[in-house]
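Thanks for coming. Please have the structure open.

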Amino acid sequence: MAPFSLMAAGVSWLAKSFTVFSSTSVLTRCTSVLPASYINPVKCLSSQASSPPKRPLNGYMRFVLQQRPIMARQNPEIKSVDIIRKIAQQWRTLSPEQKQPFQEASLRAREQFTLDLQVYKAQLTPAQLQQQVLEKRQRLAKRKAIRQKRELTNLGKPKRPRTPFNIFMSEHFEEARGTTTPAKMKSLRDDWSNLFNHQKQVYIQLAEDDKIRYKNEMKSWEDHMVEIGREDLVRGKALSKKKKTNAKAPSAKKATKKAKAKTTKKTAAKGKSKTTKVTTKSSST
């Protein structure tokens, strides 16, 4: 029985090896016929459009990159901000002939950039082009919002009123549980939800007072913005109210002028009547 089992095992091993060899030979024949895109699908999927070309530097930035290491070696104790200021001062003192090499290099790089950008856009699909347009709009909107916020801060716009939870958080943030900011915020939310209504009422009243503060400060700030000619920063409702009050003011002035004119006419008529009486008395005498 043992030799028979050994023979059966050997036959089965030969059959398996033959099937493996036949399958590999068939696979090689198929791959030699099929195109390369079907052989390596991972490479086909990963072959996307390359990254967009970077915008070239202008002449001034090229001068900065050239002079910055030299200035840093000569002045190791100076801060980087002061180094940039010195380089900017040097750039202002350069003559047009001295600036010309940097500007010409920038012009050549700009021409190459336009060519590379055309090649890059030719590789993109319509969906990718639309996505790029959307991302550009989002970036521009974000920059505009940052500029507007900075401008309002410089003009002294009042801060918005705080919520009751914000007031509670600012008072208990240092003593909150947790080592990181998100952990402390989570613990403060849990503490706020576990407070009783009479305990929350204190912070609700503080928030109401803060709303009144914001309302009064916004009114005075918007009046000041109208005075300096920045009506574009005033809210729509407040601006319409101010226009109505300004329209009522001249009508009230006209009414007062008419009343004054009437009073002057009455006084003049009374004066005339008195003079006629006096003249009649004198004539009778």
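Helix α8, residues 164-172, packs against helix α10, residues 197-227, at an angle of about 110 degrees, and their axes are 8 Å apart. Keep in mind that this is a predicted model. Angles from 65 to 115 degrees count as roughly perpendicular, and α8 and α10 are therefore roughly perpendicular to each other. Which residues make the contact? From α8 they are P164, I167, F168, E171 and H172, and from α10 they are Y203, I204, L206 and A207. Sorted by class, the contact has seven nonpolar residues, one polar and one charged.

Now the rings. A search of the whole structure finds eight aromatic pairs. One of them is F63 with F102, an edge-to-face pair with 5.4 Å from centre to centre and 85 degrees between the planes. F63 is in helix α4, residues 59-74, and F102 is in helix α6, residues 96-123, so this pair ties together parts that are 39 residues apart in sequence. Are these two buried or exposed? F63 counts as buried at 5% relative accessibility, and F102 is buried too, at 17%.

Back to F168 of α8. The ring centres of F168 and W192 are 5.3 Å apart and the planes are at 50 degrees, so this pair is tilted. W192 lies in helix α9, residues 181-194, so the pair ties together parts 24 residues apart in sequence. F168 counts as buried at 6% relative accessibility, as does W192 at 16%.

Two last items. Ring pairs link Y60, F63, W91 and F102 into a cluster. And K184 lies over the face of F173, 5.2 Å from the ring centre.

Note on methods:
Residues numbered from 1 in each chain as written. Predicted model: local features only at pLDDT ≥ 70, side-chain atom pairs only at ≥ 80, totals over all residues. Heavy atoms only, no water. Axes fitted to C-alpha atoms, helices over the stretch in contact; angles between N-to-C directions. Helix = DSSP H or I, 4+ residues; strand = E, 2+ residues; numbered from the N terminus. Parallel < 35°, antiparallel > 145°, perpendicular 65-115°, else oblique. Contact = heavy atoms within 4.5 Å. Nonpolar A, V, L, I, M, F, W, Y, C, P; charged D, E, K, R; others polar. Phe/Tyr/Trp six-rings, centres within 6.5 Å; stacked < 30°, edge-to-face > 60°. Buried < 20%, exposed > 50% of the residue type's maximum accessible area, 1.4 Å probe, protein only. Lys NZ or Arg CZ within 6 Å of the ring centre and 35° of its normal.
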